[in-house]
Amino acid sequence: MPLYGTLDLTAVAKTLPTLANLDTEAWILPKAEMLQLLIEVPRSSTDGLLPKAMHPALPSYVILALTRYSESPVGPFTLAMLRLGTRAGAHPRGLMLGAVASSDAAAKELRNRWGFPIEAGEVKFLRRHDRVMGTVKKDGKTILDCALVDPQPVSGTDVQYINWVTAANAPLDGQTQTMLIQVDPKYTFYKAERGKPQVATFDAAAWNAPNLELASPIIGTCCTVDTDLPRIRFVMDPLKPVFQGTRRIRESRVDE
Amino acid sequence: MKFGLFYEISIPRPWTPEKERTVYNNCLEQVKLADELGFDHVWAVEHHFLEEYSHCSAPELFLTACAVLTKRIQVGHGIVVCVPEFNHPIKIAEKTATLDILSGGRLHVGTGRSATWTELGGFGANPDTTKKSWDEFVRCLPKMWMQETFSYQGEFWSMPERTILPKPYQKPHPPMWVAVTSPGTEIDAAERGLGSLGLSFAGFEEQEKKIKEYRRRIQSCEPVGAFVNEQVATTNFLFCHEDEKYGVEIGKKLGNTFNYLATQLISTREVFSSPSYQSLGLLPALRRAATGPDASEQQTEGMAYGDPARIIRAVKKWESLGVDCINFILNANEVVPQAEVMASLKLFAKEVMPVFAKKPANVAAAAAE
């Protein structure tokens, strides 16, 4: 059967975010601008990053994502994320390895509500006619400098975003447990562009992936969307294959 | 109704030399038996880099071995990837012609464009242009086979005038097909007069719609070859056993394993935003079916596993929808022991095939004894 990750999340539980409960309220996030760069990475450079419950993507790839949220319950902010392409059973997922938000309030809420491995820093999303650029600084040091080069219009229906997974501690069945949490935003597209990914600076260690090496660029997109951060619907045991260890926390989005 | 075998050649880890050889030998043994039992086709895919799911990257070699080991069964190259980074069209014409000669005119040529980023990215191919390069290739191939000399100036490849040799044994040329996974490809097949080689596991209703549209459109086609190959083939799993419950249990295990391995592939759309890959191909249905390798949920309707009576009901339903041929996947990751695969083939030939045979029913039955 397919390979599994090797990371025992319970052994690093103290380093993970802790949620007070799994009753996180949804955030509505209209007119967000989302820059995503997909880049293949050597499988060996992802060793130790993938929980035992999940399969590696074939080939391995990461998603560098910068999003400018013009409205949110904590005001406007820009968010940068590194996600590792993976499989939760049969389903493609992006495992969140690291994130930086442009405001302390956003970082705090995203960590406490959805388990983002996030800190506050300087995150810039800049649009030029020939490129869309993203830069991230932490403690004055540039940890990401990237761009979508030569953006060309495409249809929103050409773009597929895959759901995210975070790793966190949260109360379940009367005790705090380490778990994987599915974060599955929805999207309504207003504008979509596609171009070539370019990365000038990438400090892997600053994204909690010290051995990660960027290899072949796949594609980049920049889209304007209405999106959200929904209530938590599924959590997964980090040690069991997800088809055995998935728990549904609530039925659907109807209750949002 | 015709029956065929369909090989992805799925090999579980760890990939020791003996394991890969054993699986290939198992497949050849099955093909030899299928030939004796009266099966019509053996198809082999072209896939690259698809760990465990398919180690069939050189299908023309496997099919050559099949042709040499058998007498009657037709060999289907299903499919040749018609993308220049994968296969040069001259080499496709030459290799298929050679295989047609070696098989004594038993070759069918399936065509397609690959659906996974795993493969397209591996060869450095541009997903935006695969439909267009496929279109060029399928229009060139019949001419390369039939014309004394051939020259071409195209968008994806060109060549000065040369004589492409050898020529196929079949005249005017082998039947041509196209792999149909994405919605709408059945129309591409029909408009070009190509057979529809269905590779998805869609249910009856969806298949019926596709087949009707294919039959309607092909009436006014402009064939790319010298003749219209109006045939609809579909893919299924086969496990036939006297005991229905056991047959269903093993059949589901086979289907679940295959589906779960398939869902590990990176479909092009998942990572490469392109108008050329609007659909995820066969993956959505597989993901619905493949909740896990040991899932107990009911799979897609119409699967050919269980006892002969159950399988006959499924095949009759496919026949009523207009399917001409069902190609069977017999194993995935070797979850079905070889002896049981062989017994399943024999029982199917003895109890099921005669029901659908145009020839006297006792021929296939006698072969199964």
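User: What should I know about the numbering and the model before I start?

Analyst: Residues are numbered from 1 along each chain as its sequence is written, while chains are lettered from A and ligands numbered from 1 in the order in which they are written. The model is predicted, and local features need pLDDT of at least 70, side-chain atom pairs count only at pLDDT 80 or more, and totals for chains, interfaces and linings use all residues.

User: How is the radius of gyration of chain A and of chain B read against the globule rule?

Analyst: The radius of gyration is taken over C-alpha atoms, and the globule rule is 2.2 Å times the number of residues to the power 0.38. For the 256 residues of chain A the rule gives 18 Å and the radius of gyration is 17 Å, which is close, so chain A is as compact as a globular protein of that length. For the 369 residues of chain B the rule gives 21 Å and the radius of gyration is 20 Å, again close, so chain B is as compact as a globular protein of that length. Along the principal axes, the C-alpha atoms of chain A fill a box of roughly 55 × 40 × 40 Å, and those of chain B fill one of roughly 60 × 45 × 45 Å.

User: What share of the residues in each chain is buried?

Analyst: A residue is buried if 20 or more other C-beta atoms lie within 10 Å of its own, exposed if 12 or fewer, and partly exposed in between, with C-beta atoms placed from the backbone. Buried residues make up 51% of chain A and 52% of chain B.

User: Which residues touch the most other members of the largest nonpolar core?

Analyst: A nonpolar core is a set of buried Ala, Val, Leu, Ile, Met, Phe, Trp, Tyr and Cys residues joined through C-beta atoms within 7 Å. The largest one here has 181 residues, and those touching the most other members are A:A101, B:L5, B:F237 and B:F328. Strand 1 of chain A (residues 27–40) gives the largest share of this core, 8 residues. Two residues are in contact if their C-beta atoms, placed from the backbone, lie within 7 Å. Not counting residues up to four places away in sequence, B:L5 touches residues including B:V31, B:F39, B:W43 and B:F328.

User: Where is A:F77 found, and is this residue buried or exposed?

Analyst: A:F77 is found in strand 4 of chain A, which covers residues 77–88, and with 23 C-beta neighbours inside 10 Å it counts as buried. Leaving aside neighbours within four places in sequence, A:F77 is in contact with several residues, among them A:Y69, A:A101 and A:A106.

User: Which peptide bonds are cis, and where do their prolines lie?

Analyst: One cis bond joins A:L58 and A:P59, with omega about 5°, and A:P59 is in the loop between strand 2 (55–56) and strand 3 (61–69) of chain A. Another runs from B:L165 to B:P166, with omega near -5°, and B:P166 lies in the loop between strand 6 (158–162) and strand 7 (176–180) of chain B.

User: How many residues of chain B are in contact with chain A?

Analyst: On the chain B side 22 residues are in contact with 25 residues of chain A, and helix 9 of chain B gives the most to that side, with 3 residues.

How values were computed. Helices (H or I, at least four residues) and strands (E, at least two) are DSSP runs, numbered from the N terminus.
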